[in-house]
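Please look over the sequence and the model shown next before reading on.

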Amino acid sequence: GSLTGLDLKAEIERLRTERNAVILAHYYQKPEIQDIADFVGDSLDLSRKAADTDADVIAFCGVRFMAETAKILSPQKIVVLPDMEAGCSLEDSCPPDQFRAFRAAHPDHIALTYINCSAEVKALSDIIVTSSSAEKILSQIPAEQKIIFGPDKHLGGYLARKTGRNMLLWPGVCIVHEAFSETELLKLKVQHPDAPVAAHPECPAYILDHADYVGSTSGILNFAKTMPGDTLIVATEPHIIHQMEKAVPDKHFIGAPGADGNCNCNVCPYMALNTMEKLYLALRDLEPRIEMDEALRLEAKKSLDRMLAMAS
Ligand code: 13P
Ligand code: SF4
């Protein structure tokens, strides 16, 4: 049937109560989704919330690997994702068969793996990390231990430079953070000479080199709240600016540009698939639902549990 005329916000609120559902949203979601969510966070915060909630239903407004993580940690809950096509270029860059072969070729290495990957790749990994927990987790691994890091070569390269650990990197990238232009960023810095730059470690090194702060989405948000000055250049997916404007309305936030000089090309096309309409339908129909083979879930949970223990 047609959804025209429905008060989607009111209907989502009604269904949330009726279903005893919790709505979890990532900072890259549309403002109206962030605003209706019970909790907005980075990948680590969202995993912890999913593991802890006593709701019967988790409506996950993010991408599929995040909703899968919620299911792995909370198997007894119904986990719905408004659009099952919401994937991730990092996940796509790391097919499980190729990752298995890569591991087999380096039997003396452990696999430290970014959470932006499939459940199958999590099951093939030893420890999962997020951008907010990677350094802390890495510091707990003995210096002589050899490490494979995948699938994000930019996060891996950043960690290697920062900690001096030499890791074998899988060559994956995030298409969103890959799209920032150094030339356009430098032009913007000339226009705003006093504005610091905050960047996500999924950015290439030539962007991170200009950053005053590098961290996860929640780290960047925290920097926005505490930084000196009144203008910040934000080198991550621009929907996070919605939370910054809510938290510090008197400051000015500018999305770092792509090659065309604006930040529209840095919108994550996967995150953008979720809409209020699809969230409403997901709560109404309890579909599309994340389902997972139990043996796969248990294997993937081992590496996620290590992350949760080492990050705390
Ligand atoms: P964080 O929110 O953990 O920083 O992750 C960013 C991201 O790209 C998620 O896909
Ligand atoms: Fe994946 Fe990049 Fe989108 Fe995050 S922003 S979901 S890493 S494609």
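## Terms and basis

Two residues are in contact if their C-beta atoms, placed from the backbone, lie within 7 Å. This is a predicted model, in which local features need pLDDT of at least 70 and side-chain atom pairs count only at pLDDT 80 or more, while totals for chains, interfaces and linings use all residues. Residues are numbered from 1 along each chain as its sequence is written, and chains are lettered from A and ligands numbered from 1 in the order in which they are written.

## Domains

The protein is divided into domain 1 (8–87 + 271–291), domain 2 (90–174 + 299–311) and domain 3 (177–266), with bounds that come from an automatic or database domain assignment. The centres of domain 1 and domain 2, taken over C-alpha atoms, are separated by 26 Å. Their contact takes 10 residues from domain 1 and 15 residues from domain 2. On the side of domain 1 that touches domain 2, helix α4 gives the most, with 5 residues; helices here are DSSP runs (H or I, at least four residues), numbered from the N terminus.

## The nonpolar core

A nonpolar core is a set of buried Ala, Val, Leu, Ile, Met, Phe, Trp, Tyr and Cys residues joined through C-beta atoms within 7 Å, where a residue is buried if 20 or more other C-beta atoms lie within 10 Å of its own. Of the 95 residues in the largest such core, Leu-24, Ile-58, Ala-59, Phe-60 and Ala-235 touch the most other members. Helix α4 (residues 64–73) provides the largest share of this core, 6 residues.

Leaving aside neighbours within four places in sequence, Ala-235 is in contact with Phe-180, Val-197, Ala-198, Ala-199, His-200, Cys-203, Ile-207, Ala-211 and Ala-256.

## Surroundings of the ligands

A residue is near a molecule if its C-beta atom, placed from the backbone, lies within 6 Å of it. Ligand 1 is surrounded by residues that include Asp-42, Asn-116, Cys-174, His-200, Glu-202 and Thr-217. Domain 2 and domain 3 both give residues to this shell, so ligand 1 lies between them.

Around ligand 2 there are 14 residues, the closest being Cys-88, Ser-89, Cys-174, Val-176 and Cys-268. At least three residues of this shell come from each of domain 1 and domain 2.

## Helix α12

The buried residues of helix α12 (residues 217–226) are Thr-217, Ser-218, Ile-220, Leu-221 and Ala-224. Seen down the axis of α12, these residues fall within an arc of 160 degrees (taken from the directions from the helix axis to the C-beta atoms), so they line one face of the helix.

How values were computed. A residue is buried if 20 or more other C-beta atoms lie within 10 Å of its own, exposed if 12 or fewer, and partly exposed in between; C-beta atoms are placed from the backbone. Helices (H or I, at least four residues) and strands (E, at least two) are DSSP runs, numbered from the N terminus.
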